[in-house]
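Please look over the sequence and the model shown below before reading on. The report that comes after it goes through a few places in turn.

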Amino acid sequence: MEAQIFFMVQMYHVFKVFGKIAALSDINVSIDKGEFVFISGPSGAGKTTFLRLLYQDEVPTSGQIIVNGRNLLRLTKSRLPYFRRNLGIVFQDYKLLLNRTVFENVSFALQVVGISGRENYRRTQEVLSQVGLSDRADAYPLQLSGGEQQRVAIARAIVNRPSLVLADEPTGNLDTETAWQIMHLLEEIHSSGATMLVATHNQEIIREFPHRAIVLNRGRTVQEEIKLE
């Protein structure tokens, strides 16, 4: 019988050092399955490094990281693509394929995991509708506004129905009104059951949404604010 997993993310005494600079120092964190958590702090606090460790774009200098019951120290290179299939990653700079349409950018994420044909088409259409971009499916990224590009990035991240979504400053390049729209979209995705980690330095957003905030400064956890839903 498979053991029940209650935590989506666990970090134990995690350090990450680049040369002589400690990006993260002695991080100890537990995040429940289905929880929405902000990773906050000023620029250079370690927020991006925190997220990159979770999808194995970086490996810790020391310490242990467990994601959805899997110890990342034991994750082999050959298993990494399979591990990432359960993750949705939203980058601050979007990372869209400029020579592909909105529809192609999103459907490509399904092709990579072997979903093609009618199922690919159905799921891509479904997620574009969810993020409000059905009428922009044939547009190319450079024909879109920043907010629309971020919505494409979110659609691509969630089309494979991940259990964990990691968003790195998803509102950082957007105007205030568009930023709120993106945050409400992330809330909607979270309500469908995904665990959501959002790195942001925007204190207004953190105050507005009733979720736990883990605050980093110079690579250390300096505060943890727990809010009642």
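## About the model

This is a predicted model, in which local features need pLDDT of at least 70 and side-chain atom pairs count only at pLDDT 80 or more, while totals for chains, interfaces and linings use all residues. Residues are numbered from 1 along each chain as its sequence is written, and side-chain values use heavy atoms, with hydrogens and water left out.

## An open sheet

Four strands, in the order E2-E1-E4-E5, form an open sheet with antiparallel pairing. Strand E2 (21-32) and strand E5 (70-71) stand at its edges with a single partner strand each, so one side of each has no neighbour in the sheet. Strands here are DSSP runs of E with at least two residues, and helices are runs of H or I with at least four, numbered from the N terminus; two strands pair if DSSP finds at least two bridges between them.

Strand E1 (residues 7-18) is joined to E2 by 8 bridges, and the two run antiparallel. Within this pairing, Gln10 has Ser30 in E2 as its bridge partner.

## A parallel pair

Strand E3 (residues 36-40) pairs with E9 in the parallel sense, over 4 bridges, and Ser40 stands opposite Val215 in E9. Strand E9 (residues 212-217) is mostly covered, since 5 of its 6 residues are buried, where buried means under 20% relative accessible area, exposed over 50% and partly exposed in between (1.4 Å probe, protein chains only).

Asp168 is found in strand E7 (residues 164-168). Asp168 is buried yet has no salt bridge, and the nearest side chain of opposite charge, Lys47, is 6.7 Å away. A salt bridge needs a side-chain nitrogen of Lys or Arg within 4 Å of a carboxyl oxygen of Asp or Glu; Lys and Arg count as positive and Asp and Glu as negative, with His and the chain ends not counted.

Arg151 lies in helix H5 (residues 146-158) and counts as buried because its relative accessibility is 16%. Leaving aside residues up to four places away in sequence, Arg151 touches Val131, Leu133, Gln181, Ile182 and Leu185, where contact means heavy atoms within 4.5 Å.

Phe108 has its place in helix H3 (residues 102-112), and Phe108 is partly exposed because its relative accessible area is 31%.
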